[in-house]
Amino acid sequence: MSGNIYIYIACMAVTTYLVRILPLTLIRKQIQNRFIRSFLYYVPYVTLAVMTFPAILDATQEPLAAVLALIVAILLAYFEKSLFLVCVCACATVFVTEWLIHMTA
């Protein structure tokens, strides 16, 4: 990274400011379009999923354990089980899978 660091900081500050202030200044009334409203409704969930998903796959020693735990968590969440149960079962899946892999190795 060569160059003046203050230029980089200024560019990031302007970018961050514009992303936050442009919607406030350009959109004055309530959005009526159903597609845009539904799109904006799901943006926080998608952002959280995009940040969480790679961490799920990299959090274990064995990728197979992470994939199995993800499948277990998705299935339990689909059947509307509690968050605590989903977390405990996903952790148990990782523990058992890694234990079995290391026992057979």
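**Figure 1. The protein chain as a whole.** A compact globule of 105 residues would have a radius of gyration near 13 Å, whereas the protein chain has 21 Å. (This radius is taken over C-alpha atoms, and the globule rule is 2.2 Å times the number of residues to the power 0.38.) The model is predicted: local features need pLDDT of at least 70 and side-chain atom pairs count only at pLDDT 80 or more, while totals for chains, interfaces and linings use all residues. Residues are numbered from 1 along each chain as its sequence is written, and side-chain values use heavy atoms, with hydrogens and water left out. Along the principal axes, the C-alpha atoms of the protein chain fill a box of roughly 60 × 45 × 20 Å. The protein chain holds four helices and zero strands, in the order α-α-α-α from the N terminus on. (Helices, H or I with at least four residues, and strands, E with at least two, are DSSP runs numbered from the N terminus.) The accessible surface of the protein chain is about 9200 Å², and 74% of this area belongs to carbon and sulfur atoms. (The areas come from the Shrake-Rupley method with a 1.4 Å probe; for residues, only the protein chains shown count as cover.) Of the 105 residues in the protein chain, 12% are buried. (Buried means under 20% relative accessible area, exposed over 50%, and partly exposed in between, with a 1.4 Å probe and protein chains only.)

**Figure 2. Aromatic rings of the protein chain.** Rings of Phe, Tyr and Trp (its six-membered ring) pair if their centres lie within 6.5 Å; planes under 30 degrees apart count as stacked, over 60 as edge-to-face and the rest as tilted. This rule gives four aromatic pairs. In the tilted pair of Tyr42 and Tyr45, the centres are 6.4 Å apart and the planes stand at 55 degrees. Both Tyr42 and Tyr45 lie in helix H2 (residues 34–58), three residues apart, which is about one turn of the helix. Tyr42 has a relative accessible area of 47% and is therefore partly exposed. The ring centres of Tyr78 and Phe79 are 5.3 Å apart with the planes at 80 degrees, so this pair is edge-to-face. Tyr78 counts as exposed at 63% relative accessibility, and Phe79 is exposed with a relative accessible area of 56%. Ring pairs also link Tyr41, Tyr42 and Tyr45 into a cluster.

**Figure 3. The largest nonpolar core.** Seven residues make up this core: Ala65, Ala69, Ala73, Leu76, Val86, Ala90 and Val94. Helix H3 (63–78) and helix H4 (83–104) each supply at least two residues of the core, and the largest share, four residues, comes from H3. (A nonpolar core is a set of buried Ala, Val, Leu, Ile, Met, Phe, Trp, Tyr and Cys residues joined through side-chain atoms within 4.5 Å.) In soluble globular proteins, nonpolar side chains tend to be buried together. Residues up to four places away in sequence being left aside, Val86 touches Ala73, Leu76, Ala77 and Lys81. (Contact means heavy atoms within 4.5 Å.)

**Figure 4. Leu68 of helix H3 and Thr93 of helix H4.** Thr93 has 16% relative accessibility and therefore counts as buried. Apart from neighbours within four places in sequence, Thr93 is in contact with Leu68, Ala69 and Val72. Leu68 is partly exposed, with a relative accessible area of 34%. With residues up to four places away in sequence not counted, Leu68 touches Thr93 and Thr97. Leu68 and Val94 are separated by 26 residues in sequence, while their C-alpha atoms are 7.5 Å apart in space. Among contacts in the protein chain between residues at least 6 apart in sequence, 44% join residues at least 24 apart.

**Figure 5. Glu80 in the loop between H3 and H4.** Although Glu80 is not a glycine, its phi is positive, at about 60 degrees. Glu80 counts as exposed, with 71% relative accessibility.

**Figure 6. The cysteines Cys87 and Cys91.** The sulfur of Cys87 has its closest cysteine sulfur in Cys91, 6.5 Å away, which is too far for a bond. (A disulfide is a pair of cysteine sulfur atoms within 2.5 Å.) Zero disulfides are found in a search of the whole structure. Cys87 is partly exposed, with a relative accessible area of 39%, whereas Cys91 counts as exposed at 57% relative accessibility.
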